[in-house]
Amino acid sequence: MNIASIKIVGARNLVSCDLDFGSRFNVLSGENGQGKTNLIEMLYLIGTLRSFRAKNIRELIQFEQEQLYIKASVEKDASEHNYTVIVSETGRKAYHDDKFVRSITKYCRDMRIVLFTPEDLRVVRGSPSDRRRFLDRAVYGWNEGYLSAVQSYDKVLRSRNSLLRDPSPMLDLLDVYDVKLASLGSEIIQWRCEYLNELLNGYQKAFYAINQSDAKTVAFSYESSVSPDLLKTPEQIEPFLHHLLHEKRGEDQHRGSTSIGPHRDDLIFCFDGRNAFSFASQGQLRAMVLAWKTGEMNLLGKKHGDWPLLLLDDVSSELDPARNEYLFQFLRTTSSQCFITTTHSDHVLLDDDRIDFTVSNGVVSRQD
Ligand SMILES: Nc1ncnc2c1ncn2[C@@H]1O[C@H](COP(=O)(O)OP(=O)(O)O)[C@@H](O)[C@H]1O
Ligand SMILES: [Mg+2]
């Protein structure tokens, strides 16, 4: 799958544009603050209907404008389809081949995007919510039903939390929410653990390839209110969560929020049997994230028989030369369409199949 062309109007600082892309490496160079990440954000939006940095999607609309319009022409299996996203004050609307699509899952079905940003490189030492978001983003692309399970879970969680804060809550309704949360929560936990299991082997191989001099073992640990033993027996997760929600209800009412469930879980990167957060060096931490991202691409490529599209936002300047070389060597072995932003085009170690763009003051220009 690749984005052959895109039209963007009214997005952040980007001047309205019509761009044709190459099917392999599209390199976007420019100084800081010119609009490179904004363009990556729009590509991410057209593929996932979400932003990776705005809390509210309306932030993507250009100041003083009423709406943001993006239309992309996507090539897949020798046919061409268009995808349109319009964001206005009333929210976001999505169209596939000019037909309105209500379901985000339906819209995203054929789009697979891997995003890799400098924030990802810091995720091991970031907050648990950063790590959950990092993991969730990977699982969204992997499992079609995952996004809608997470959205439903969040909705029930918000309802339960507001009911917990009610001085005289309807207990029957809390019972209903507990049943739903346990069921959706158990699905989410299972999919996350399944994903980590699938990823582990490729992740370890990539880590050793990147850190050849380092014989340390790396792994993941999913930290949850569900014990590791129970995580191995998926059918027991739901009744356990249900039991725990019931048991913690009084405590949760006191604090006004739900204290257990996948929204509180964490992904631990292990290094030599310990939490990498405390024991791995900066370079090793970055190698772990790089290994994750190459593993994520490999998994999607294998599962769907088609490489995902890669959005690589200014990552090279944060990697040392050897790891940067590894990254580009890996990308050359794939057939992914890649969008690579950089402030230093000499960090982009690519000679062939490459189209260059400059981004300056919101103007994106193709260099021929
Ligand atoms: N909604 C918006 N409308 C207009 N300009 C915006 C909007 N949001 C951000 N910007 C501008 O976009 C620029 C940052 O662009 P960005 O893509 O992050 O730069 P970089 O090239 O460093 O990645 C800033 O100048 C910021 O003021
Ligand atoms: Mg940027």
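Leaving aside neighbours within four places in sequence, which residues is D136 in contact with? D136 is in contact with Y146 and R192, where contact means heavy atoms within 4.5 Å.

This is a predicted model, in which local features need pLDDT of at least 70, side-chain atom pairs count only at pLDDT 80 or more, and totals for chains, interfaces and linings use all residues. Residues are numbered from 1 along each chain as its sequence is written, chains are lettered from A and ligands numbered from 1 in the order in which they are written, and side-chain values use heavy atoms, with hydrogens and water left out.

D136 sits in helix α4, residues 128-142; helices are DSSP runs (H or I) of at least four residues, numbered from the N terminus. The residue is buried, at a relative accessible area of 9%; buried means under 20% (1.4 Å probe, protein chains only). Its side chain makes a polar contact with the side chain of R192, at 3.1 Å. A polar contact is a pair of N or O atoms within 3.5 Å; within protein, one must be able to donate a hydrogen and the other to accept it, and residues adjacent in sequence count only if both atoms are side-chain atoms.

Ligand 1 is surrounded by 15 residues, and the closest are G33, K36, T37, N38 and I61; a residue counts if one of its heavy atoms lies within 4 Å. The shell divides into two nonpolar, eight polar and five charged residues.

| Residue atom (N or O) | Ligand 1 atom | Distance |
|---|---|---|
| N13, backbone | nitrogen | 3.5 Å |
| T37, side chain | oxygen | 2.7 Å |
| I61, backbone | nitrogen | 2.9 Å |

On its own, ligand 1 has 590 Å² of accessible area, of which the protein covers 74% (Shrake-Rupley method, 1.4 Å probe).

How values were computed:
Helix = DSSP H or I, 4+ residues; strand = E, 2+ residues; numbered from the N terminus. Buried < 20%, exposed > 50% of the residue type's maximum accessible area, 1.4 Å probe, protein only. Nonpolar A, V, L, I, M, F, W, Y, C, P; charged D, E, K, R; others polar.
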